[in-house]
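Hi everyone, thanks for letting me go first today. Please have a look at the model on the screen, and then I'll talk you through a part of it.

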Amino acid sequence: MRNKSIYALFTCLTIGILISSCKNNSQIEEARYYINGKTTYEKHCQNCHGAKGEGLALLIPPLTDTAYIANNKNKLAAIIKYGMEGPITINGKVYDEKMPAETHLTPIEITYIINYIGNSFGNNIGFYTKERVQQDLIDHRP
């Protein structure tokens with residue numbers, strides 16, 4: 001009797017582990033975008049914004065202001081692609097240095113970066129699609 005209970009418990013645990021380890025295609029795609037975003041961020045953004053998105057003193061704004069990222073998520077693609085000028089306030093501090101354009105980045109690379117910074121450093125904007133980035137680039141082109 002005791003062996004049957006142990007066997008039943010082991011079987012239930014095994015099935016539970018197998019079910020919880022399975023991911024659907026959407027979750028796999030989101031994970032792929034996030035991982036590619038980390039690599040793309042490290043190559044194109046990290047030098048200025050830092051490995052943890054902490055920024056650089058009063059020269060480069062941090063990416064850790066969850067309110068700024070969430071409130072401006074539809075502008076992020078254009079900021080990355082076309083750069084940015086003029087003062088902005090992040091975490092109560094004013095930054096007024098010009099951000100250079102990254103015109104060589106493709107929409108998919110920008111999508112990767114937005115998925116990474118938008119879901120790292122305390123941010124949680126959810127999954128961002130390439131189609132949405134393309135529309136944001138049209139809507140917010142300077």
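This is a predicted model: local features need pLDDT of at least 70, side-chain atom pairs count only at pLDDT 80 or more; totals for chains, interfaces and linings use all residues.

Residues are numbered from 1 along each chain as its sequence is written, and side-chain values use heavy atoms, with hydrogens and water left out.

Okay, helices, meaning DSSP runs of H or I with at least four residues, numbered from the N terminus. Helix α2 covers residues 25–44 and helix α6 covers residues 107–117; their axes come within 7 Å and cross at roughly 100 degrees. Axes here are lines fitted to C-alpha atoms over the stretch in contact, with angles from 0 to 180 degrees between N-to-C directions. That makes α2 roughly perpendicular to α6, a label for angles of 65 to 115 degrees.

Now, rings. Phe, Tyr and Trp rings (for Trp, the six-membered one) pair if their centres lie within 6.5 Å, and planes over 60 degrees apart count as edge-to-face. We get six aromatic pairs by that rule. Take Y33 and Y112: they sit edge-to-face, 5.1 Å centre to centre, with 80 degrees between the planes. Y33 is in α2 and Y112 in α6, 79 residues apart.

So is Y33 buried or exposed? Buried, at 7% relative accessible area, and Y112 is buried too, at 13%; the cut-off is under 20%, with a 1.4 Å probe and protein chains only.

Methods:
Helices (H or I, at least four residues) and strands (E, at least two) are DSSP runs, numbered from the N terminus. Angles under 35 degrees count as roughly parallel, over 145 as roughly antiparallel, 65 to 115 as roughly perpendicular and the rest as oblique. Rings of Phe, Tyr and Trp (its six-membered ring) pair if their centres lie within 6.5 Å; planes under 30 degrees apart count as stacked, over 60 as edge-to-face and the rest as tilted. Buried means under 20% relative accessible area, exposed over 50%, partly exposed in between (1.4 Å probe, protein chains only).
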